[in-house]
Amino acid sequence: MSTLICGSIAYDSIMVFHDRFRNHILPEQLHILNVSFFVPEMRREYGGCAGNIAYNLKLLGGEPLIMATVGDDAAPYLDRLDALGLPRTHVTQVPGTFTAQAFITTDLDDNQITAFHPGAMIHSHVNTIGQTRGVTLGIVAPDGRDGMLEHSRQFAEAGIPFIFDPGQGLPMFSGNELLACLKLADYCTVNDYEARLLCERTGRSIESLSGEVKALIVTRGGEGSEIHTGGTRIDIPCAVPTRVEDPTGCGDAYRAGLLYGIDRGLDWDQTGRLASLMGAIKIASRGGQNHAPSRDEIAEAYRKAFGSTLW
């Protein structure tokens with residue numbers, strides 16, 4: 001049975017500036033800011049939360065089904081989905097738009113200046129959960145605001161358990177809207193910064209908010225993660241990566257591990273550790289979808305990291 005991944009499909013254009021922004025952006029001149037950066041290095045990556053999550057879930061042996069909106073420039077990405085064996089039945093092309101894309105410039109100190117164009121993503125609400133068949137689990141990942149609200153409601157109405165993953169879209173929602181989505185969802189996952197913002201917006205603690213769902217997961221980067229469920233907190237250690245190359249998409253890889261564990265009925269300790277491992281595997285490669293371990297290699301990495309086996 002399929003896991004429905006609602007979220008963005010995007011292109012990431014990543015450029016490297018061979019200097020430091022601070023040498024060109026002067027504090028006393030911010031009122032007349034007009035700078036240009038020569039970027040001799042550039043690469044274009046396939047990204048977006050839905051694309052990244054589905055890619056990682058496919059590596060694990062899951063059956064991801066993407067629900068997203070793309071623009072007139074989507075042909076290369078759609079061809080990639082076909083090559084990966086990821087169905088695009090519910091990937092809708094919106095005429096007259098661009099696919100969502102981020103333009104990221106990084107300097108020698110790893111500071112970043114990013115411009116994000118949502119494009120077709122803001123039309124994500126044109127897709128509906130009722131269009132799907134055979135879906136037993138889902139996730140509402142960062143996407144167009146209306147789409148995230150509608151898909152949360154539609155998952156609940158269809159009786160399909162889902163993860164609410166507001167991510168970088170969290171500031172778009174009021175406290176009441178976030179609480180409403182939590183009450184509809186079965187699970188919620190946020191990083192530590194998003195967790196603080198979630199608490200500020202709702203006026204409630206993480207412990208209190210966790211009572212609205214079966215499990216509330218908070219990731220803390222290199223410090224591991226924690227799963228609040230049934231009134232208890234399970235601390236998940238961070239899997240040690242073979243190297244640290246690029247954090248882009250690590251959170252999406254983690255979420256794929258969560259979805260796989262929930263779908264396969266793993267306990268929360270196993271699910272969290274698998275999610276942690278997927279993030280560690282991803283961080284060793286540049287871009288969100290360039291790591292390609294086999295399922296057996298993932299199993300062996302899990303054994304080495306945690307001293308036990310999953311399959």
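Guide: Two strands pair if DSSP finds at least two bridges between them. Helices (H or I, at least four residues) and strands (E, at least two) are DSSP runs, numbered from the N terminus. This is a predicted model, where local features need pLDDT of at least 70, side-chain atom pairs count only at pLDDT 80 or more, and totals for chains, interfaces and linings use all residues. Residues are numbered from 1 along each chain as its sequence is written, and side-chain values use heavy atoms, with hydrogens and water left out.

Visitor: How many bridges join strand 10 to strand 11, and do they run parallel or antiparallel?

Guide: Strands of a sheet pair through backbone hydrogen bonds, either parallel or antiparallel. Here strand 10 (residues 187–191) runs parallel to strand 11, and five bridges join them. Look for V190, which stands opposite V218 of strand 11. Strand 11 also pairs with strand 12 (residues 225–229), this time in the antiparallel sense, over four bridges. In that pair, I217 stands opposite I227.

Visitor: What is found between strand 11 and strand 12 in their hairpin?

Guide: Five residues lie between the two strands, and G221 takes a positive phi near 60°.

Visitor: Which residues of strand 11 are on one side and which on the other?

Guide: In a regular strand the side chains alternate between the two faces of the sheet. On strand 11, A215, I217 and T219 take one side, while L216 and V218 take the other, and all are buried. Buried means under 20% relative accessible area, exposed over 50%, and partly exposed in between (1.4 Å probe, protein chains only).

Visitor: In what order do the strands of the open sheet come?

Guide: Four strands form that sheet in the order 3-2-6-7, with mixed pairing. Its edge strands are strand 3 (41–47) and strand 7 (112–117), each pairing on one side only. Strand 7 runs antiparallel to strand 6 (residues 100–106), joined by six bridges, and A102 stands opposite F116 of strand 7.

Visitor: Which residues of helix 5 are buried?

Guide: An α-helix has 3.6 residues a turn, so residues three or four places apart point the same way. In helix 5 (residues 192–202), the buried residues are E194, A195, L197, L198, C199 and T202. Their cover includes helix 4 (175–184), strand 10, helix 6 (206–209), strand 11 and helix 7 (250–263).

Visitor: What caps the N-terminal end of helix 5?

Guide: N191 does: one of its side-chain oxygens lies 3.1 Å from the backbone nitrogen of Y193. After helix 5 comes G203, with a positive phi near 75°.

Visitor: How many residues does the largest nonpolar core have?

Guide: In soluble globular proteins, nonpolar side chains tend to be buried together. A nonpolar core is a set of buried Ala, Val, Leu, Ile, Met, Phe, Trp, Tyr and Cys residues joined through side-chain atoms within 4.5 Å. The largest one here has 47 residues, and I5, I9, I66, L81 and I298 have the most contacts inside it. Helix 1 supplies the largest share of this core, eight residues. A second, separate core of 30 residues includes F162, C181, L197 and C199.

Visitor: What is I298 in contact with?

Guide: Contact means heavy atoms within 4.5 Å. Leaving aside neighbours within four places in sequence, I298 touches residues including L59, L60, L274 and W311.

Visitor: Is Q154 buried or exposed?

Guide: Q154, in helix 3 (residues 145–158), counts as buried because its relative accessible area is 13%.

Terms used. Polar contact = N/O pair within 3.5 Å; in protein donor to acceptor, adjacent residues only side chain to side chain.
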